[in-house]
Amino acid sequence: MQIAAHTDAGHNKASREDTVLGNTLHDDDRVIEISRLSTRFGEHVVHAGLDLEVRRAEIFALVGGSGSGKSTLLREMILLQRPDSGSIRVLGVDLQTAGDDAALALRQRWGVMFQHGGLFGALTVSENVGLPLREHTELEDALIDDIAASKLALTGLAPEVGAQYPSELSGGMMKRASLARALALDPELLFLDEPTAGLDPDSAGGVDELVRRLRDLFGLTIVMITHDLDLLWQVADRVAVLAEGKVQGIGSMSELARMDHPAIRQFFDGPRGRAAQEQEARQADAHTDTKTERPPSKPK
Ligand SMILES: Nc1ncnc2c1ncn2[C@@H]1O[C@H](COP(=O)(O)OP(=O)(O)OP(=O)(O)O)[C@@H](O)[C@H]1O
Ligand SMILES: [Mg+2]
């Protein structure tokens, strides 16, 4: 089981700080390594020699315009799609050469929260959360129900929500239930596709805190795709901007905000970007922890 990854948060945090400070990066600290990745659909080139690295216990975000290849990259990282060339290593395993057993083992070490939740409508929330445990373990039903209840509590849902069906949930509750299911097998790595899309600012703010708490408590490595500038400013350690088939810039939001590349400027300019710039200016003034502030209002 991956409980060890959860109880080892102190070590993971230390590793993260080392890497943030630019000290030696050990192999174990590279949770995802992508090199010279190319993907095309017919004549349409989506990734053209893309390189990327995600480090242990960081909150890593992928941003980029519509059609820049973010979701395709996510699908490739979770074995739902194969690139045309290049290599992807996840948790030390080369996805290109991994056999069925290695792929199955890997799938149990990561959790995925899909953009639209992906919960089964015919199952209760508790049954949905317990599903990965029923599929991948031989645990007894009563224990699976207990674990499902604990995951629901971890994501901030009341116990009675377990007996409800997905159609009875609000958007924010659906995201949390989907996150609870992604956490069912105690993953080391969590993929989140637009975790705050479609949520009102209050619910979205709750997701910010939840994501940060999961990393801080359990040392989880989190990879998220998001357009939500609040979320990026609040929780992302590093952000990669995808454009023209490659990562055009990578760094903290403050670092990106100072970069001149057109694709990065496009991301920051306009109304959304102005909120981001205000945020950056306020952070510079305050000299405080960049993760504790929010822009005055949610960017439109
Ligand atoms: N199965 C497919 N067949 C053909 N083209 C595809 C397929 N999947 C994705 N594409 C194309 O690849 C490009 C990248 O798609 P992708 O879904 O990765 O973009 P994205 O960055 O996630 O965009 P968005 O922000 O709109 O979700 C798009 O032009 C899309 O039309
Ligand atoms: Mg997408």
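**Helices and a ligand shell in a predicted model**

In this predicted model, the buried residues of helix 5 are V125, S126, N128, V129, G130, P132 and L133.

Reader: What makes V125 and the others in helix 5 count as buried?

Author: A residue is called buried if 20 or more other C-beta atoms lie within 10 Å of its own. In helix 5, V125, S126, N128, V129, G130, P132 and L133 are buried. Helix 6 (141-154) and helix 7 are included in what covers them.

Reader: Why are helix 5 and helix 7 called roughly parallel?

Author: Helix 5 (residues 125-136) and helix 7 (residues 171-182) pack at an angle of about 30°. Angles under 35 degrees count as roughly parallel, and helix 5 and helix 7 are therefore roughly parallel to each other. Their axes are 7 Å apart.

Reader: Which residues of helix 5 and helix 7 meet?

Author: From helix 5 come V125, N128, V129, L131 and P132, and from helix 7 come A177, A180 and R181. By class, this contact of helix 5 with helix 7 has six nonpolar, one polar and one charged residues.

Reader: Why is L154 called partly exposed?

Author: L154, which lies in helix 6, has 17 other C-beta atoms within 10 Å. A buried residue has 20 or more and an exposed one 12 or fewer, so L154 is partly exposed with its 17. Leaving aside residues up to four places away in sequence, L154 touches A180 and L183. The C-alpha atoms of L154 and L214 are separated by 8.8 Å, and the two residues are 60 residues apart along the chain.

Reader: How do you know that the buried residues of helix 3 are on the same side?

Author: The buried residues of helix 3 are K70, L73, L74, E76 and M77. They cover an arc of only 160° around the axis, which puts them on the same side of helix 3. In general, an α-helix has 3.6 residues a turn, so residues three or four places apart point the same way. Just after helix 3, L79 takes a positive phi of about 65°.

Reader: What surrounds ligand 1?

Author: F41, V46, G64, S66, G67, S68, G69, K70, S71 and T72 surround ligand 1. Helix 3 (residues 70-77) gives the most to this shell, with three residues. By class, the shell has two nonpolar, seven polar and one charged residues.

Reader: How many helices and strands does the chain have?

Author: The chain has twelve helices and ten strands. Of its 300 residues, 41% are buried.

Conventions. Residues numbered from 1 in each chain as written. Chains lettered and ligands numbered in written order. Predicted model: local features only at pLDDT ≥ 70, side-chain atom pairs only at ≥ 80, totals over all residues. Axes fitted to C-alpha atoms, helices over the stretch in contact; angles between N-to-C directions. Helix = DSSP H or I, 4+ residues; strand = E, 2+ residues; numbered from the N terminus. Parallel < 35°, antiparallel > 145°, perpendicular 65-115°, else oblique. Contact = placed C-beta atoms within 7 Å. Nonpolar A, V, L, I, M, F, W, Y, C, P; charged D, E, K, R; others polar. Near = placed C-beta within 6 Å. Arc of directions from axis to C-beta.
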